[in-house]
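Thanks for asking me to look this over. My comments follow as numbered points, to be read beside the sequence and the model.

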Amino acid sequence: EEWWDMYKIVKKKSLNPTVSFMEIDAPFIAKKAEPGQFIILRVDENGERIPLTIADFDREKGTVTIIYQIVGATTKKLDSLNEGDSLQDFVGPLGVPSHTEGLKRVAVIGGGVGCAIAYPIAKKLHQSNAVVHSVVGFRTKDLVILEDEFAAVSDELIIKTDDGTYGTKGLVTDALKQLIERGEQYDEVIAIGPLVMMKFVARLTKEYGIKTTVSMNPIMIDGTGMCGGCRLTVGGETKFACVDGPDFDGHLVDFDEAMERSSMYRDFEKHHYEAACH
Ligand code: FES
């Protein structure tokens, strides 16, 4: 295998008008990858480095799946590539894997393109025989992604849209509250999506005393630990999402500070999820 074949795109498809799926030939990463971890890629030699969460992996085929939102120059360039093309760099797996051991009953909450991070966690929980209730939310029907994938790994799947064009109208927190009030007992709630969504999920679960993990992947900028862009406060301590996370205790994260900081980057190219829903 020649070096330029290293990170070949073996499959590419569009999931919705602004979100695409790519399966990349990366056997060494596929061998070690765990849900919750990310890779850093560069489209070409002069390209900017962007961190993207591993949406799926196939150890036998040696492939890693990424799902990205087309929101700026780099992701646009990435999306101009096709099956058979190769990426310049594809480094990983990075970050601390999501903790799933010992969980028996879990609610997995995904918002917008954050569902791409929630899905591999739901899949791993399902494979370890946990009961998985998934609640996924999108702005509108056209933006719904990974429905079949979630359905395959969930004991119950609830789809919410803000405008009611698909699933039921409303927010993921409405559905989670209904599940809890129906008497469902969860060892843990895992929420991944826009900051504001995670903030309100954490607020709800705190009322009920349910342990909650959130992924602070949405605030990551370059994923290297150097830019400082992903700094956040967790239980009064300073942490970096790309080094210490991306998963943190949702009841300890200072979301208001994180939202304020992330709006400071509004003028920067946004690779991620905050634009996705709500
Ligand atoms: Fe730059 Fe974490 S994303 S330091």
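1. A word on the annotations to begin with: UniProt positions follow the numbering used here, feature names are shortened, and annotations may be inferred rather than shown by experiment. The UniProt record, an unreviewed entry, lists C227, C230 and C242 under "binding site". These residues are spread over 16 residues of sequence, yet they cluster in space, with a largest C-alpha distance of 10.3 Å.

2. Residues are numbered from 1 along each chain as its sequence is written. The model is predicted, and local features need pLDDT of at least 70, side-chain atom pairs count only at pLDDT 80 or more, and totals for chains, interfaces and linings use all residues.

3. Back to the cysteines. C227 sits in the loop between β12 (212-215) and β13 (231-234), and C230 is found in the loop between β12 and β13 as well. Helices (H or I, at least four residues) and strands (E, at least two) are DSSP runs, numbered from the N terminus. Is C230 buried or exposed? C230 is buried, because 27 other C-beta atoms lie within 10 Å, whereas C227, with 14, is partly exposed. The cut-offs are 20 or more other C-beta atoms within 10 Å for buried, 12 or fewer for exposed, and partly exposed in between, with C-beta atoms placed from the backbone.

4. Their contacts are worth a look too, where a contact means that two C-beta atoms, placed from the backbone, lie within 7 Å. Leaving aside residues up to four places away in sequence, C230 touches M216, I219, M220, I221, F240, A241 and C242. On the same terms, C227 is in contact with I221 and D222.

5. The unreviewed UniProt entry also gives "binding site" for I67, Y68 and Q69. I67 is buried, with 21 other C-beta atoms within 10 Å, and Q69 counts as buried with 24. Beyond four places in sequence, I67 touches L15, V19, F21, A55, V113 and A116.

6. How do α5 and α6 pack? The axes of α5 (residues 172-181) and α6 (residues 195-208) come within 10 Å and cross at roughly 20°. Axes here are lines fitted to C-alpha atoms, for helices over the stretch in contact, and angles run from 0 to 180 degrees between N-to-C directions. The contact is made by V172, T173, L176, K177 and I180 of α5 and M197, F200, V201, L204 and Y208 of α6.

7. Please check the two cis peptide bonds listed here. One runs from G92 to P93, with omega near -5°, and P93 is in strand β6 (residues 89-94). Another joins G245 and P246, with omega about 10°, and P246 lies in the loop between α7 (241-244) and β15 (247-249).

8. Two positive phi values also deserve a glance. N129, not a glycine, has phi of about 70° and lies in the loop between α3 (115-127) and β8 (131-138). N129 counts as exposed, with 8 C-beta neighbours inside 10 Å. L146 has phi near 60° and is found in the loop between β8 and α4 (147-153). L146 is buried, with 23 other C-beta atoms within 10 Å.
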